[in-house]
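Student: I would like to learn how to read a few side-chain features in a protein model. Could you take me through them slowly, one at a time?

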Amino acid sequence: MNNASSVALLDEAPDFGHNLSEIRDGLSQKHKVLPPRLFYDQYGARLFEEICLQPEYYLTRTELAIMQKYSDQMAGEIGPGACIIEPGSGAGQKIRILLDALDAPVSYVPVDISVEQLDACAHELSAEYTSLAVQPVVADFTQPFQLPLADVAERRRVVYFPGSTIGNFEPRSALKLLQRICKLAAPEGALLIGVDLRKDPEQLKRAYNDAAGITAQFNLNMLARINREYAADFDLSHFKHEAVYQEMAGRIEMRLISTVAQRVRICGSVFTFKAGEYIVTEHSYKWRPDDFARLVSAAGFAPGPAWFDENRWFMVQFFTAVNASFQQSSAI
């Protein structure tokens, strides 16, 4: 049986007005910021796939190697008949390794903001795993949204959160997101999460400033998208990409630096930039294992096994939901 034709997208994506308000608010701050979800239009999603192939970008290949080596152990922790929910599912490369190892998973709920990539990936997976209910959701998973889980409410819910995406959140925001995940998974569910670890700052800087310039294109594409979708007039030739490592905070900071003094219009609003002023487009925190376990435990999870690569650059860890301070929900 081929169930690819039965895949239907649940659209919970932010609307035009919400995004525009967030853009205006972010660029009105003393230290300008833009939301990272704006990276992921169709072109941005493709660029991120290219980033993952760059020799400097160790994260994807390192996590894939961990998954390939230890997926049977991870599947043993998850158990049979689970519902797998993946926020920020992307191209769906890592989930295939997990699905191949799992015992009779019932459903897979990929959640992503890039509708084109999500739709294509969901149909591919539905065709490959014909006994699996694939239920894609278009959404910004950093905001509350509904999940199509009514038919599997009694199944064990396991949130698979790879790619060290949790590192893109400030620690307080990361805790709030993990609390929402715990609410979704409780009382019998779990979290399987990938985390990038502290390491040589020079290695980190190279990873986010690749020699081929793909990360720079990815970063600048955010401005190109705002031009296309929000009637803006950013001149991309007057901005440059930079990624710096902030040792005290333990994070990479992605920036778009204005190389000249300029004014930019967005849907009738005007924003001024000084030469050298920058927009922060993303943070990427790097964790120590013990600190990360404390963070996730504070959200209501009990730490389980952790798996590392031989260099201990990256970690995938399993947590069990044990202390959600609210009732189980179908929202995240």
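Tutor: Let us begin with a charge over a ring, which is counted if NZ of Lys or CZ of Arg is within 6 Å of the ring centre and within 35 degrees of the ring normal. Here the charged end of arginine 312 sits over the ring of phenylalanine 308, at 3.8 Å from its centre. Arginine 255 likewise lies over the face of tyrosine 278, 4.1 Å from the ring centre. Please keep in mind that this is a predicted model, in which local features need pLDDT of at least 70 and side-chain atom pairs count only at pLDDT 80 or more, while totals for chains, interfaces and linings use all residues. Residues are numbered from 1 along each chain as its sequence is written, and side-chain values use heavy atoms, with hydrogens and water left out.

Student: How many aromatic pairs does the structure hold, and why is the pair of tyrosine 40 and phenylalanine 48 called edge-to-face?

Tutor: A pair of aromatic rings is described by the distance of the centres and the angle of the planes. Rings of Phe, Tyr and Trp (its six-membered ring) pair if their centres lie within 6.5 Å, and planes under 30 degrees apart count as stacked, over 60 as edge-to-face and the rest as tilted. The structure holds 16 aromatic pairs. In one of them, tyrosine 40 and phenylalanine 48 have ring centres 6.1 Å apart and planes at 75°, so this pair is edge-to-face. Phenylalanine 301 and phenylalanine 319 also form an edge-to-face pair, with 6.5 Å from centre to centre and 70° between the planes. Ring pairs also link Phe39, Tyr40, Phe48, Tyr57, Tyr208 and Phe218 into a cluster.

Student: Is phenylalanine 319 buried or exposed?

Tutor: Buried means under 20% relative accessible area, exposed over 50%, and partly exposed in between (1.4 Å probe, protein chains only). Phenylalanine 319 has 0% relative accessibility, so it counts as buried, and phenylalanine 301, at 3%, is buried as well. Tyrosine 40, by contrast, is partly exposed at 22%, as is phenylalanine 48 at 27%.

Student: How many disulfides does a search of the whole structure find?

Tutor: A disulfide is a pair of cysteine sulfur atoms within 2.5 Å, and the search of the whole structure finds 0 of them. The sulfur of cysteine 52 has its closest cysteine sulfur in cysteine 121, and because that sulfur is 13 Å away, it is too far for a bond. Cysteine 52 is buried at 16% relative accessibility, and cysteine 121 is buried at 6%.
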